[in-house]
Amino acid sequence: LSDILDGARWAADNGAKTVSASYSGVENSSVGTTGTDLKNKDALFFYAAGNSGDNWSWFDYPDTIVVGATTSSDVITSWSGRGLALDLVAPGVDILSTVVGGGYQAWSGTSMATPLANGVAAMIFAANPWLSADDVQTRLYESCDDLGPAGEDDTYGMGRVNLRAAVGAAITGPMELDVPVLVAG
């Protein structure tokens, strides 16, 4: 776990705006402090909620985005982590991915959902590079499709990521452009 978290910090130190980790140990407080470290570097940290159906209601990280998995019917999987710590969900069943040796296979897990959510945040940054990590996190959460009880809940967090809504949210609101004084010659 410490190697993965060191790698996340290294990525942010070297310009990454979003970092994704799919590994056990989401309940370890160092996952939360790593998210805070990355946020202080204007980057976002995504972490898989785990595949044991655990209820993570005894912690919540303000700066680490914990991702659960849904089926193609937008239902939380039986094995996805959930609870107060869960921030949002993404598709995580039968996700086509590359495999060692070449080719593709369908895989399931919060390890498949987490990079999808990370990709949505990366698209927000790409659509509006003037946004801070806090701004991107807010737009990501606000653009989710609410699947459970209204608002944030312990089963779906803020809801399922929605790429179209997220990019739309990225290009609305105040944008500032500073133009320096131009001098001839």
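The angles themselves run from 0 to 180 degrees between N-to-C directions, and the axes are lines fitted to C-alpha atoms, for helices over the stretch in contact.

What you see above is a predicted model, in which local features need pLDDT of at least 70 and side-chain atom pairs count only at pLDDT 80 or more, while totals for chains, interfaces and linings use all residues. Residues are numbered from 1 along each chain as its sequence is written, and side-chain values use heavy atoms, with hydrogens and water left out.

Let me start with the whole chain. It holds five helices and six strands, where helices (H or I, at least four residues) and strands (E, at least two) are DSSP runs numbered from the N terminus. Read from the N terminus on, the order of the elements is α-β-α-β-β-β-β-β-α-α-α. The chain has a radius of gyration of 17 Å, close to the 16 Å that the globule rule gives for 185 residues, so it is as compact as a globular protein of that length. For that comparison, the radius is taken over C-alpha atoms, and the rule is 2.2 Å times the number of residues to the power 0.38. The C-alpha trace spans about 65 × 40 × 40 Å along its principal axes.

Of the 185 residues, 43% count as buried; here buried means under 20% relative accessible area, exposed means over 50%, and partly exposed lies in between, with a 1.4 Å probe and protein chains only. If we take the contacts (heavy atoms within 4.5 Å) between residues at least 6 apart in sequence, 60% of them join residues at least 24 apart.

Now to the helices. Two packed helices are described by the angle between their axes and the distance between the axes. Helix α3, residues 110-127, packs against helix α4, residues 133-142, at an angle of about 120°, and their axes are 10 Å apart. The two helices are therefore oblique to each other.

Which residues of α3 and α4 meet? On the α3 side they are Val120, Ala121, Ile124 and Phe125, and on the α4 side Ala133, Val136, Arg139 and Leu140. By class, this contact of α3 with α4 has seven nonpolar, no polar and one charged residues. In that count, Ala, Val, Leu, Ile, Met, Phe, Trp, Tyr, Cys and Pro are nonpolar, Asp, Glu, Lys and Arg are charged, and the others, Gly among them, are polar.

Helix α3 also packs against helix α5, residues 163-170, where the axes come within 8 Å and cross at roughly 30°. That makes α3 roughly parallel to α5, and the crossing of this pair is right-handed. Val120, Met123, Ile124 and Ala127 in α3 meet Leu163, Ala166, Val167 and Ala170 in α5, and this contact divides into eight nonpolar, no polar and no charged residues.

Staying with α3, please find Ala122, which lies in that helix and is partly exposed at 31% relative accessibility. Ala122 and Lys17 are 105 residues apart in sequence, and their C-alpha atoms are 7.2 Å apart in space.

Next come two prolines in loops. Pro129 sits in the loop between α3 and α4 and is exposed, with a relative accessible area of 54%; its C-alpha atom is separated by 9.9 Å from that of Ile171, 42 residues away along the chain. Pro62 lies in the loop between β2 (44-48) and β3, and with a relative accessible area of 61% Pro62 is exposed as well. Leaving out residues up to four places away in sequence, Pro62 touches Lys39 and Gln137.

Last, a word on backbone angles. Most residues other than glycine have a negative phi, and most peptide bonds are trans. Asp94, in the loop between β4 and β5 (95-98), has a positive phi near 55° and counts as exposed at 55% relative accessibility.

Definitions and conventions. Parallel < 35°, antiparallel > 145°, perpendicular 65-115°, else oblique. Left-handed = near helix turned anticlockwise from the far one by under 90°.
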